[in-house]
Amino acid sequence: MRQAARMQRKIDERKAQLKDDEIVTSGAGDRVKVTVTCEGKLRQIHIDPEFIKEEGLELALDAVVGAANAALDEADKKVESEINKITGGLKIPGL
């Protein structure tokens, strides 16, 4: 039990360290960029104004959604990878 508690503490500490790490992804040929944190919070969205003029708002918003989902997936994978380093790949329910 002590070992499990120690591992949980290490996981919580690592998540706290990672929470402000940023992931940036782009879409529509780098004309849309989205920044999220490893905590899963959206930090910034940048859309090239020319992209909106050329393609329209609806396509630009679709590109934002795609880039945001990709960024959130990448952030989740980064956190999961760091947790796997602590647990040695052992799947622990609830983490």
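Guide: Keep in mind that this is a predicted model. Let's begin with the sheet: it is open, made of three strands in the order β1-β2-β3, and the pairing is antiparallel.

Visitor: What makes β1 and β3 the edges of the sheet?
Guide: Each of them has a single partner strand, so one side of each is left without a neighbour in the sheet. From one strand to the next, the twist averages 15°.

Visitor: How do you know that β2 and β3 pair?
Guide: Pairing takes at least two bridges between two strands. Five bridges join β2, residues 32-37, to β3, so the pair passes that test. For a place to look, find Lys-33, which stands opposite His-46 in β3.

Visitor: What lies across the sheet?
Guide: That's α3, which lies across β1, β2 and β3 and runs at about 35° to β2.

Visitor: Why is Met-7 called buried?
Guide: The label needs a relative accessible area under 20%. Met-7 has 18%, so it counts as buried. You'll find Met-7 in helix α1, residues 2-18.

Visitor: Which residues of α1 are buried?
Guide: Met-7, Ile-11 and Leu-18 are. They cover an arc of only 40° around the axis, which puts them on the same side of α1. The buried residues of α1 pack against α3.

Visitor: And what sits on the face of α1 turned away from its buried side?
Guide: That face carries the exposed residues Arg-2 and Gln-17.

Visitor: What makes Arg-14 and Glu-82 a salt bridge?
Guide: The cut-off is a side-chain nitrogen of Lys or Arg within 4 Å of a carboxyl oxygen of Asp or Glu. Here N to O is 3.0 Å, so the pair qualifies. Arg-14 lies in helix α1 and Glu-82 in helix α3, residues 57-87, so the pair ties together parts that are 68 residues apart in sequence.

Visitor: Are those two residues buried or partly exposed?
Guide: One of each! Glu-82, at 14%, is under 20% and therefore buried.

Visitor: Which residue forms a salt bridge with Asp-21?
Guide: Lys-78 does, with the closest N and O atoms 3.1 Å apart. The pair links distant parts of the chain, with Lys-78 in helix α3 and Asp-21 in the loop between α1 and β1, 57 residues apart.

Visitor: And why does the bridge of Arg-43 with Glu-22 count?
Guide: Its closest N and O atoms are 2.6 Å apart, which is within 4 Å, so the bridge counts. Arg-43 lies in strand β3 and Glu-22 in strand β1, so the pair ties together parts 21 residues apart in sequence.

Visitor: How many salt bridges are there by this rule?
Guide: The count comes to eight.

Notes:
Residues are numbered from 1 along each chain as its sequence is written. This is a predicted model: local features need pLDDT of at least 70, side-chain atom pairs count only at pLDDT 80 or more; totals for chains, interfaces and linings use all residues. Side-chain values use heavy atoms; hydrogens and water are left out. Helices (H or I, at least four residues) and strands (E, at least two) are DSSP runs, numbered from the N terminus. Buried means under 20% relative accessible area, exposed over 50%, partly exposed in between (1.4 Å probe, protein chains only). Axes are lines fitted to C-alpha atoms, for helices over the stretch in contact, and angles run from 0 to 180 degrees between N-to-C directions. Contact means heavy atoms within 4.5 Å. The arc is that of the directions from the helix axis to the C-beta atoms.
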